[in-house]
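Biologist: I am new to this structure, and I would like to go through the packing of its residues step by step. Could we look at it together?

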Amino acid sequence: MTYDLVICGSRVVTGAEVVECDIGIRDGRIATLGHDLGPAKDVIKAAGLIAMPGGIDSHVHISQPSGPGIEMADDFASATRSAACGGNTTVMPFCLPEEGASLRQAVNAYHAKADGQCHVDVSFHLIIKDTDAQTLGQDLPALFEAGYTSFKVFMTYAGLALSDREILDVMDVAKTHNAMVMVHAENEDAIEFLRDKAEASGNTGPIHHARTRPVPVEREATHRAITLAEIAGVPLTIVHVSNGAALEEITRARRRGAKVFAETCPQYITLTADDLDRAGFEGAKYVCSPPPRDSVEQAAIWAGLEQGDFDLFSSDHCPFRFADDAGKDAPGARATFRNIPNGIPGVETRLPILFSEGVMKGRISLPRFAAITATNHARLYGLAPRKGAIAVGADADITLWDPTLTNKIRQADLHHGSDYTPWEGFSVTGWPVRTILRGRTVAKDGEIVGAATGDYLSRSAPELML
């Protein structure tokens with residue numbers, strides 16, 4: 001039987017193995033892995049390239065409400081265009097209700113934003129900011145049954161932070177329905193205390209965003225989130241872990257049997273707090289939470305990546321424009337760090353940075369790269385076995401990498417809606433040269449190919465990997 005597409009001669013990353021073989025694709029799925037596969041309507045000659053599972057970025061913010069007068073730089077068209085050019089085939093944005101809207105109303109609003117706009121597949125996490133009877137008793141159960149199987153809670157940010165009791169109430173619903181709870185772990189009271197002291201002392205520049213969110217703020221909240229999950233009897237994922245002390249809380253919990261999963265991001269292996277201390281207002285470009293740390297904490301995060309302590313490597317893409325009073329230069333932002341919109345762009349650069357710094361420098365293997373950038377995301381968030389692996393029967397979501405291609409990251413070459421990249425001039429070796437979604441090329445040589453054909457993905461319960 002004729003294949004729709006055969007990819008010939010690449011090194012293929014399949015689970016724990018790297019094999020040189022051909023990939024036969026039919027009806028958008030991987031039909032065969034082998035040699036001399038026979039006739040095909042189309043053939044990609046991929047000798048010298050590496051075939052990797054299409055990236056799954058399970059932590060991105062797109063078209064998210066950001067406060068009065070503040071606008072996120074990416075809509076679904078620009079964010080998914082950027083994702084595809086960076087080697088991703090699925091992204092998972094967060095669904096945040098507008099003030100006064102129910103969770104189900106918010107989900108409907110996000111679908112309206114995304115419909116017909118996406119160059120890659122998408123699936124939504126739910127942000128839980130209210131714990132009223134409708135949210136916990138009606139919306140969450142109904143949405144879980146409809147395939148929204150991960151809930152995120154915040155321990156910081158005014159208007160988003162939940163109390164310990166409220167977090168336990170959300171976790172109790174998650175336990176009933178076998179959903180995954182994701183936690184942004186920073187202690188809001190401690191941050192507010194440190195912010196007030198900094199401002200009272202006249203310390204208002206962007207660097208003080210980092211100094212008022214020190215490691216203990218994250219470490220304590222990580223410990224508390226894990227403790228609450230143990231009380232509620234649920235697994236959880238700690239997102240964007242930035243330092244060794246927080247990671248140690250996770251590894252200690254695992255040793256006593258807790259099901260805790262850990263995610264980190266490119267900013268914690270490449271940027272430092274010193275970037276927030278750049279001249280003038282330039283440091284605002286690097287304001288995100290948790291903030292980048294120092295070289296010691298970078299080493300601790302790398303050790304966790306190398307040793308297998310991290311399950312996920314995501315971008316936490318949260319883009320704002322820099323030269324824009326609806327973005328980083330918002331009213332009052334130059335007067336105090338408190339008013340600088342919080343987040344950085346990164347969906348397009350996540351994979352090249354880790355490939356270059358991790359694989360090409362011998363820190364992690366190709367199978368480990370595939371696991372923490374795709375396979376584990378699919379398993380942990382209910383997309384496996386359809387997504388996340390090059391395997392017979394899976395969607396033909398494949399990224400071809402040229403490991404010899406050396407580039408410098410430049411804003412001029414990127415496709416997001418922001419007007420800057422935190423990694424301007426950062427050199428990388430290894431770059432995705434073709435992104436294939438369900439057997440169809442959606443990006444090639446850094447540019448989008450064809451119309452937006454991404455689907456929305458309903459999900460099953462998480463597959464717990466520990």
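Modeller: A polar contact is a pair of N or O atoms within 3.5 Å; within protein, one must be able to donate a hydrogen and the other to accept it, and residues adjacent in sequence count only if both atoms are side-chain atoms. This is a predicted model, in which local features need pLDDT of at least 70 and side-chain atom pairs count only at pLDDT 80 or more, while totals for chains, interfaces and linings use all residues. Residues are numbered from 1 along each chain as its sequence is written, and side-chain values use heavy atoms, with hydrogens and water left out.

Biologist: With which side chain does the side chain of N187 make a polar contact?

Modeller: N187 lies in the loop between β11 (180-184) and α5 (188-200), where helices (H or I, at least four residues) and strands (E, at least two) are DSSP runs, numbered from the N terminus. Its side chain reaches the backbone nitrogen of A190 at 2.9 Å. The side-chain partner, at 2.9 Å, is E220.

Biologist: Is N187 buried or exposed?

Modeller: Buried means under 20% relative accessible area, exposed over 50%, and partly exposed in between (1.4 Å probe, protein chains only). Because N187 has a relative accessible area of 17%, N187 counts as buried.

Biologist: How many residues of helix α11 are buried?

Modeller: Helix α11 spans residues 350-359, and its buried residues include R350, F355 and E357. The helix is largely enclosed by the rest of the structure, because the buried residues number ten of the ten.
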